[in-house]
Amino acid sequence: MATSTYTAPRFDSAALITIDVQADVLDGQPLEISGSSAALPAMRRLVEAFRERGAPVVHVVRLYRPDGSNVDLCRREAVANGWKALAPGSAGELQRIGEHEVVIYKPRWGAFYETPLHAHLARLGVSTVAFCGVNFPNCPRTSIYEASERDFRVVLATDAISGLYDRGRQELANIGVSLMTAGELIDRLPRAPAGAVAGGAPLSS
């Protein structure tokens with residue numbers, strides 16, 4: 001299914017959502033996910049492009065309490081038994097790190113599950129959400145479907161995501177998700193207004 005009038009991205013009201021771009025998922029780390037380190041440069045380009053244009057950026061991260069009380073059931077026993085991954089230093093509902101940039105903690109796979117993400121995007125007048133991050137079959141895929149069922153127009157940056165596979169591409173196309181590279185997405189963004197000042201924390205590397 002091709003994008004339609006209802007699913008075609010509106011780049012002038014787009015927000016970037018990064019999913020689980022955390023040190024623990026990179027090469028050689030406790031929750032190592034193949035391809036995550038390789039996708040970082042494209043993720044960084046996207047974040048910088050949205051910052052330069054004064055467009056919203058939301059970093060959605062996962063934190064596991066050491067006692068396992070907020071961990072997915074499939075991993076809870078391992079964390080309760082001492083497995084160290086995604087351990088929090090501090091957690092809050094929404095942390096502002098730049099004029100147009102925030103961090104949100106999520107307790108499960110999906111970025112919208114028991115988080116203020118939907119309300120935050122609605123408050124900003126966002127119509128289109130562009131996703132990048134780690135690891136497509138789990139958290140990004142779940143978050144994309146959650147965004148779709150909330151009637152957001154959805155873009156996936158295919159070179160700024162780890163774990164993307166051919167059937168996944170087809171499934172996303174079937175629900176009207178626009179698939180494009182980071183460069184293609186950046187080229188479609190409106191130019192920054194005159195006098196705009198970029199800001200925000202650097203993306204992990």
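Are Lys-106 and Asp-20 buried or exposed? Lys-106 is buried, and Asp-20 is buried as well. Here, buried means under 20% relative accessible area, exposed means over 50%, and partly exposed lies in between (1.4 Å probe, protein chains only).

## Basis of the report

This is a predicted model, in which local features need pLDDT of at least 70 and side-chain atom pairs count only at pLDDT 80 or more, while totals for chains, interfaces and linings use all residues. Residues are numbered from 1 along each chain as its sequence is written, and side-chain values use heavy atoms, with hydrogens and water left out.

## Nonpolar cores

In soluble globular proteins, nonpolar side chains tend to be buried together. A nonpolar core is defined as a set of buried Ala, Val, Leu, Ile, Met, Phe, Trp, Tyr and Cys residues joined through side-chain atoms within 4.5 Å. The largest such core in this model has 27 residues, and those with the most contacts inside it are Leu-16, Met-43, Leu-46, Phe-50, Ala-160 and Leu-185. Two or more residues of this core come from each of β1 (14–19), α1 (36–52), β5 (128–133), β6 (153–161) and α6 (182–188). The largest share, eight residues, is given by α1. Helices (H or I, at least four residues) and strands (E, at least two) are DSSP runs, numbered from the N terminus.

Leaving aside residues up to four places away in sequence, Ala-160 touches Ala-39, Ala-42, Met-43, Leu-46, Cys-132 and Gly-133; contact means heavy atoms within 4.5 Å. Another core, of 24 residues, lies apart from the largest one, and its members include Leu-121, Phe-131, Val-154 and Ile-161.

Side chains of opposite charge can pair when their charged atoms come close. A salt bridge is a side-chain nitrogen of Lys or Arg within 4 Å of a carboxyl oxygen of Asp or Glu, and the whole structure contains seven of them. One joins the side chains of Lys-106 and Asp-20 (3.2 Å, N to O). Because Lys-106 lies in strand β4 (residues 101–106) and Asp-20 in the loop between β1 and α1, this pair ties together parts that are 86 residues apart in sequence.

Another salt bridge joins the side chains of Glu-101 and Arg-51 (2.8 Å, N to O). Glu-101 belongs to strand β4 and Arg-51 to helix α1, 50 residues apart, and both residues are buried.

## Other charged pairs

Glu-149 and Arg-150 also form a salt bridge, with their closest N and O atoms 3.3 Å apart. Glu-149 counts as exposed because its relative accessibility is 59%, whereas Arg-150, at 28%, counts as partly exposed.
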